[in-house]
Amino acid sequence: MDKKLLKEAIIKYVAGILLVGVLLFLPAGTLKWRNGWIFMAVLFIPMFLAGIVMYLKAPDLLRSRLNAREKQSEQKDVIGLSGLMFLAAFIVAGLNYRFKWISFPEGSVTFGCIVFLLSYRGFAEVLRENAYLSRTIEVQQGQKVVDTGMYGIVRHPMYAVTIFLFFSMMIILDSPFSFVIMMRYIPLIIKRIMNEESVLEKELEGYRDYKNKVRYRLIPMIW
């Protein structure tokens, strides 16, 4: 067992819990926010279980996702803007609860939890299908084109799944304003995909043929 990897994973996991907790409950002005705790549970419990599985069965994948550093300047901008988007969305969600601005219809939180968990399951499936999946845009040594499973439907299933993940987060937090803020993710992810495909076409053998085989990038029959 890699104790250094385990220590790093635990530190980043705990840091993530503390960061998200501060961003949500500090603006909310209270710890008695039911939706905030529901969100923390559906986000961090599956993440904990996924981390255990990766640590035991795919430590290299866990290590690559923990230590990812984007090298391309264009993608650094995308990552930075995405971070600001999440920062704003979480803070606004807390403020929305504190000042009782606006809510989704009754029952939406349950719907959001179901969508989130199903999307997380889809994310796990993408990780299982593609051993080369990275948080950064790069071509790894010995990497091959994956065209089975979800990759046989769209070329970027991970990004497709994250759309459902991120939007369902705001539904769980019962914040329509945060949902609107999260819409900024769509142009950001489109920009990232276009840049990623240009890199893969140049550096990954067989990717051009894969593009001809699987026509749609993100949503079947649309784009």
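**Note on the predicted model: pocket, loops and confidence**

1. Helix 5 gives the largest share of the lining of the second largest pocket, seven residues. Helices here are DSSP runs of H or I, at least four residues, numbered from the N terminus. A pocket is found on a 1 Å grid over the protein atoms alone: an open set of points where a 1.4 Å probe fits, with protein on both sides within 12 Å along at least five of seven lines. Lining residues have an atom within 4 Å of a point.

2. Ground rules come next. This is a predicted model, in which local features need pLDDT of at least 70 and side-chain atom pairs count only at pLDDT 80 or more, while totals for chains, interfaces and linings use all residues. Residues are numbered from 1 along each chain as its sequence is written, and side-chain values use heavy atoms, with hydrogens and water left out.

3. On confidence: pLDDT is the predictor's confidence in each residue, from 0 to 100. The protein chain averages 88, and 91% of the residues score at least 70. Helix 3 has the lowest confidence, with a mean of 80. Helix 7 (residues 176-182) has the highest, at 97. Where pLDDT is low, the predicted coordinates should not be read in detail.

4. Back to the second largest pocket. Its volume is about 460 Å³; a volume is the space filled by probe spheres set on the points, and grid points are joined across faces, edges and corners. The lining has 16 residues. V53, M54, A124, L127 and R128 lie nearest the centre. Helix 2 (34-57), helix 3 (59-66) and helix 5 each supply at least two lining residues. Eleven of the lining residues are nonpolar, none is polar and five are charged. Nonpolar covers Ala, Val, Leu, Ile, Met, Phe, Trp, Tyr, Cys and Pro; charged covers Asp, Glu, Lys and Arg; the others, Gly among them, are polar.

5. S108 sits in helix 5, which spans residues 108-129. S108 is buried because its relative accessible area is 14%, and buried means under 20%, exposed over 50% and partly exposed in between (1.4 Å probe, protein chains only). A polar atom of the S108 side chain lies 2.7 Å from the backbone oxygen of P105.

6. T30 is in the loop between helix 1 (3-28) and helix 2. T30 is partly exposed, at 25% relative accessibility. Beyond its neighbours within four places in sequence, T30 contacts F25 and Y97; contact means heavy atoms within 4.5 Å. The T30 side chain also reaches the backbone nitrogen of K32 at 3.0 Å. T30 and R98 are 68 residues apart along the chain, yet their C-alpha atoms are separated by 8.2 Å.

7. D147 occupies the loop between helix 5 and helix 6. D147 is partly exposed, at 31%. Leaving out residues up to four places away, D147 touches G152, Y210 and K213. The side chains of D147 and K213 are joined by a polar contact of 3.1 Å. Such a contact is a pair of N or O atoms within 3.5 Å; within protein, one must be able to donate a hydrogen and the other to accept it, and residues adjacent in sequence count only if both atoms are side-chain atoms.

8. Check two backbone angles. D174, in the loop between helix 6 (157-172) and helix 7, has phi near 60°, a positive value in a residue other than glycine. M221, in the segment after helix 9 (207-213), has positive phi too, near 70°. D174 is buried at 18%; M221 is exposed at 67%.
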